[in-house]
Amino acid sequence: MLAVVGCVPQLPLVIDSKYTPPQKQGAPRTPLKQDRNCVVSIESLIDKRSDTSTLGTVTGRSVRSPTDVGLWLRDTFKALDTLGVAVSDDNASSKQTIGLDAELVTAWVSDLPSSKNANIVLRVAYHQGDKVGEPKLYRGAASRMNWNAGDNELQRLIDAALTEILQNVSADVQSLCKQG
Amino acid sequence: MNKRISWLNIALLTAIATGCASVPKNHALAPEAHTIEGGREVQISVAQGEIKTNINQSNVAAAAGGGLLMALIDAGVEAHRAKVAEEAVKPLRDALVGYDFDARAQASTKATLEEIGWFAPRDYGFVKEINADARSARLDATKSDEMAFVDYEYGMSADFDAVEVNFRVSIANRQTPPKTKPVTRLYAANLVYHQWHKVVIPLNGAAKDKDANVIRWSANGAALTKQALAASLTQAQSMIKRGLTQSAETSLAIPKGARTTAGGYTGSLIEKVGTTTLLWIPIQDQWVLIADPIG
C-alpha cells in the first residue's frame, strides 16, 4: 500500500556484493573477541541456482544478484570475524583450521501487501583435516515493511537475511572449535 | 480460507499492464486465429525461488472511510501478518529444498501445448523474472507473428489450509499497434488471448492454527505439498487446454453461470464434477478450480 509507485517502473537494482552487517541504533560497533587458535578457511563457494542473475521483484522493481556472486559470498563469510570467528582466506597456519565449503541453494526476494521479504539458503559443509562433516542447510530470512522498494531498504533486507545465516554459522563454527 | 490476494495478478498487473487498462474479454481464440504461420514461440516463467506465502489484507482504512492514519494501520497490520507467514512457512520451505517446481511446470506446459495440434509451439524459453521491458524485447526477437507466455506462481493460502497455483496464459502480437509504444503489445486489452487461472488444493481437516497445518504439509519431505503441487499442475494443464480451445460463445456464457460458493470463493459456476468446482471470479476475471482436499 505504501509502495504505490503509480505506473512508473523503477530501474532494476543490482545488489551490492559488499555485505554490511545491520547495526542497532546506538549500539557500539565492537567486534566480538576472536579465538585466533581456531580459524575458518573459506575454501569453495558455488552458486547452485538455476538462474544466477535474478533475485526477484518487489513492487514491480527487479532485484538482481550481485555481478560477482563469489565475491559477495566471500565478503559475507569474512564478516564472521565480527561474530567472534577468525577468518582466513589463505589457509594461514593456526592451531586449528576449519575448512568451509558453501553452496548457494537459493536467494530470492518477494513482496506481499505492505511488505518485502528475502530468503537465502546456503548448504555449508565443514572439514578439519580428514574429518568431513555432513552438509547443513542454513536459511536466512527477513521480512520488513515495504516503503518504496528503494535501493537501501532492499540492500538492508538482503543483508538482514545474510546476518541470520552468519549468526548460525558462527555458532556452529565455535562449537566445532570447542570440540577440537 | 477467507479473501485471497492473487499474487500473480498483483505482480503482473504491476509489471506489465502499466497502462492500467481495464480487463478485456479476449478469452477465446477464434478458429481462424488458431493457426499461425511458423507456429508460436513460448516463454514459461516461475518468478519465485521457493513456495510463496499469502496474507489476508487488512481493511481498517476501508471500514473507517479512508485516511492516511488508517492506511498506515493497514500497512502495519499487513507487514506483521507477512512476517508471521514468512516465519511459519520456514519448515515447509526447508522440506522442499531440492524440489524443482520450475522443471515440472515446464514439462507439463510443453506436453499440453504440443497436444493442441494447431497451437504449433516452436521454441520454448524459461525465465525467473518477469518485467515488461524484457518481455517486450523478447517479442521483438521472435520469428513468429505471435508469442505465447505461460506464467506460474505457487504458494500457500493465507491460513496454510490450501496449496494454490496461479497461472496466466497470454498470447501477444509481435507487431506493435500503430502510434503506440512496443510495451503496449503486452497490455491486457491488446493481447490476442489471455486468461487468469487458479487451482486450489485444500488440506483435508485443516486446523485453524497455521503452524499445525505447516507441520502436515512439511511431513515426510513435504510429501503432501508435492502431491498437491503435482495435482495442481495436472489440473492446470486441462484448464490451459480448455481456455485455449473454448469458443467465443462458451466464453461469453461463463459470467452467466449460477452464483456459487466453494472453498471460500464465490463466483459464477462453470462446472462441478464430483467434489471439484470450477468458478469464474468476476473481480479478478479469473477461473478458480477448487479441487478435492488431500491429506
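Q: With which residue does A:Asp47 form a salt bridge?

A: Side chains of opposite charge can pair when their charged atoms come close. A salt bridge here is a side-chain nitrogen of Lys or Arg within 4 Å of a carboxyl oxygen of Asp or Glu. A:Asp47 forms one with A:Arg49, and the closest N and O atoms are 2.8 Å apart. This is a predicted model, in which local features need pLDDT of at least 70 and side-chain atom pairs count only at pLDDT 80 or more, while totals for chains, interfaces and linings use all residues. Residues are numbered from 1 along each chain as its sequence is written, chains are lettered from A in the order in which they are written, and side-chain values use heavy atoms, with hydrogens and water left out.

Q: Is A:Arg49 buried or exposed?

A: Buried means under 20% relative accessible area, exposed over 50%, and partly exposed in between (1.4 Å probe, protein chains only). A:Arg49 counts as buried because its relative accessibility is 9%, whereas A:Asp47, at 22%, is partly exposed.

Q: Which parts of the chain does the pair B:Glu115 and B:Lys241 link?

A: Their side chains meet in a salt bridge of 2.5 Å, N to O. The pair links distant parts of the chain, 126 residues apart: B:Glu115 lies in helix α5 (residues 101–115) and B:Lys241 in helix α7 (residues 210–245) of chain B. Helices (H or I, at least four residues) and strands (E, at least two) are DSSP runs, numbered from the N terminus. B:Glu115 is exposed at 54% relative accessible area; B:Lys241 is partly exposed at 31%.

Q: What area do chain A and chain B bury between them?

A: Buried area is the accessible area (1.4 Å probe) that two parts lose on being put together, summed over both. The two chains bury about 2,500 Å², 63% of it on carbon and sulfur atoms. The contact (heavy atoms within 4.5 Å) takes 29 residues from chain A and 32 residues from chain B.
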